[in-house]
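Here's a quick briefing to read alongside the model.

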Amino acid sequence: MRNNEQMDIKWILFLIGTILLVENSVQALDCQSECNPQLCIVPSTDCYAGLIKDQCNCCMVCGRREGERCFNQTLSKQLFKESQIYDDCGDNLECRLRTDMEDGDKPEAICVCLKSDPICGTDGITYANECQFTEARYKRRNSLAKETDGPCKTAPQIITPPEDITNNIGSSVTFSCEVKGWPIPMIEWRMVNKEKELALPSDNEHISVQSRGGPSSYEITSWLQLTNIPREYSGTYTCVATNSEGQSRASAYLTIGNFKKNFDKVEDENENLNEL
């Protein structure tokens, strides 16, 4: 027998085995007329979403966690039978049909947290929602409790500080500063030139500041833009982030000079090398 024919037969046998396995799994879910708790299997100790009744409303099983596939009788008409191998969701979770499936994909359902507000734990960690907080409590099995609703208060932390810049007289440059903290910090820009610290942008038409929230939760990003720069703009520029919990700083140095000829020389040398 040729190798291709042998491969075809093995593939067919594999498909038959898979179909039988799914059918047996679905048949195993057939509920008895009367519940006998003595026949129930003791659930795993790693039930991070809590315990729930199984689909037969008899035995206790681990509830499915946030983002895991699930099955619920209310969705039985929309889901295929093989989905019945999954249990329902745990504490503060709901089994919902996915809305991000590609055309032609079989429908799936996953567990979605019903409470999306952040929680501050007594460990000082901010949990994105009630479900993640519940998982942490079950995993640690310690005295973790809810400190407050909402994120934990934290002093500003500069995630992305401004970087040193070298450029020509009359050019434009932009410094950026990304900060995280709660309450959301306020960002100020300051310049030190000739041992004097100036708050920016002041009334200088060549200096502007913009800020917006993000890119992540409890973060803010600020940009300091300088246009048509004279040489005397050289100096240290500092991002100062402040909230009720404290303050954080990060600095960068701006060097302004007549570098255009040198830059042009480097570009010409690179072009000559490329021609070689």
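Start with Arg 65: setting aside neighbours within four places in sequence, Arg 65 is in contact (heavy atoms within 4.5 Å) with Tyr 48, Ala 49, Leu 93, Cys 111, Glu 135 and Lys 139. This is a predicted model, so local features need pLDDT of at least 70 and side-chain atom pairs count only at pLDDT 80 or more, while totals for chains, interfaces and linings use all residues. Residues are numbered from 1 along each chain as its sequence is written, and side-chain values use heavy atoms, with hydrogens and water left out.

**Around Arg 65 and its loop**
- Arg 65 sits in the loop between E2 and E3; strands here are DSSP runs of E, at least two residues, and helices are runs of H or I, at least four, both numbered from the N terminus.
- Arg 65 counts as partly exposed because its relative accessible area is 25%; the scale calls under 20% buried, over 50% exposed and anything in between partly exposed (1.4 Å probe, protein chains only).
- Arg 65 and Ile 110 are 45 residues apart along the chain, and their C-alpha atoms are separated by 8.8 Å.
- Ile 85 is also in the loop between E2 and E3, and it is partly exposed at 46% relative accessibility.
- Asn 92 belongs to the loop between E2 and strand E3 (93-97); its phi is positive, about 60°, although it is not a glycine.
- At 26% relative accessibility, Asn 92 is partly exposed.

**The loop between E1 and E2**
- Cys 56 is placed in the loop between strand E1 (51-53) and strand E2 (60-62), and it is partly exposed at 31% relative accessibility.
- Cys 56 and Cys 31 are 25 residues apart in sequence, with 5.5 Å from C-alpha to C-alpha.
- Asn 57 is in the loop between E1 and E2 and has a positive phi of about 60° without being a glycine.
- Is Asn 57 buried or exposed? Asn 57 is exposed, with a relative accessibility of 54%.

**Nonpolar cores**
- The largest nonpolar core has 23 residues, and Phe 175, Val 179, Trp 189, Leu 224, Leu 226, Tyr 237 and Leu 254 have the most contacts inside it; a core is a set of buried Ala, Val, Leu, Ile, Met, Phe, Trp, Tyr and Cys residues joined through side-chain atoms within 4.5 Å.
- Two or more residues of this core come from each of strand E10 (173-182), strand E11 (186-193), strand E14 (219-226), strand E15 (235-243) and strand E16 (246-257).
- Apart from this core lies another one of 13 residues, among them Ala 49, Cys 70, Leu 75 and Cys 95.
- Beyond its neighbours within four places in sequence, Leu 254 is in contact with Ile 165, Val 173, Phe 175, Leu 226, Tyr 233, Ser 234, Gly 235 and Tyr 237.
- In soluble globular proteins, nonpolar side chains tend to be buried together.

**The second largest pocket**
- The second largest pocket has a volume of about 250 Å³. A pocket is an open set of points on a 1 Å grid over the protein atoms alone, where a 1.4 Å probe fits, with protein on both sides within 12 Å along at least five of seven lines; lining residues have an atom within 4 Å of a point. The volume is the space filled by probe spheres set on the points, which are joined across faces, edges and corners.
- Which of the 16 lining residues are the closest to the centre of this pocket? They are Thr 126, Cys 152, Thr 154, Lys 180 and Tyr 218.
- Strand E8 (154-160) and E10 are the elements that give two or more residues to the lining.
- At least three lining residues come from each of domain 2 (119-152) and domain 3 (155-257), with bounds from an automatic or database domain assignment.

**Cis peptide bonds**
- The Trp 182 to Pro 183 peptide bond is cis, with omega near -5°, and Pro 183 is in the loop between E10 and E11.
- The Gly 214 to Pro 215 bond is cis too, with omega near 15°; Pro 215 is in the loop between strand E13 (207-213) and E14.

**Whole protein**
- There are three helices and 16 strands, and 31% of the 276 residues count as buried.
- Of the contacts with a separation of 6 or more, 55% are between residues 24 or more positions apart.
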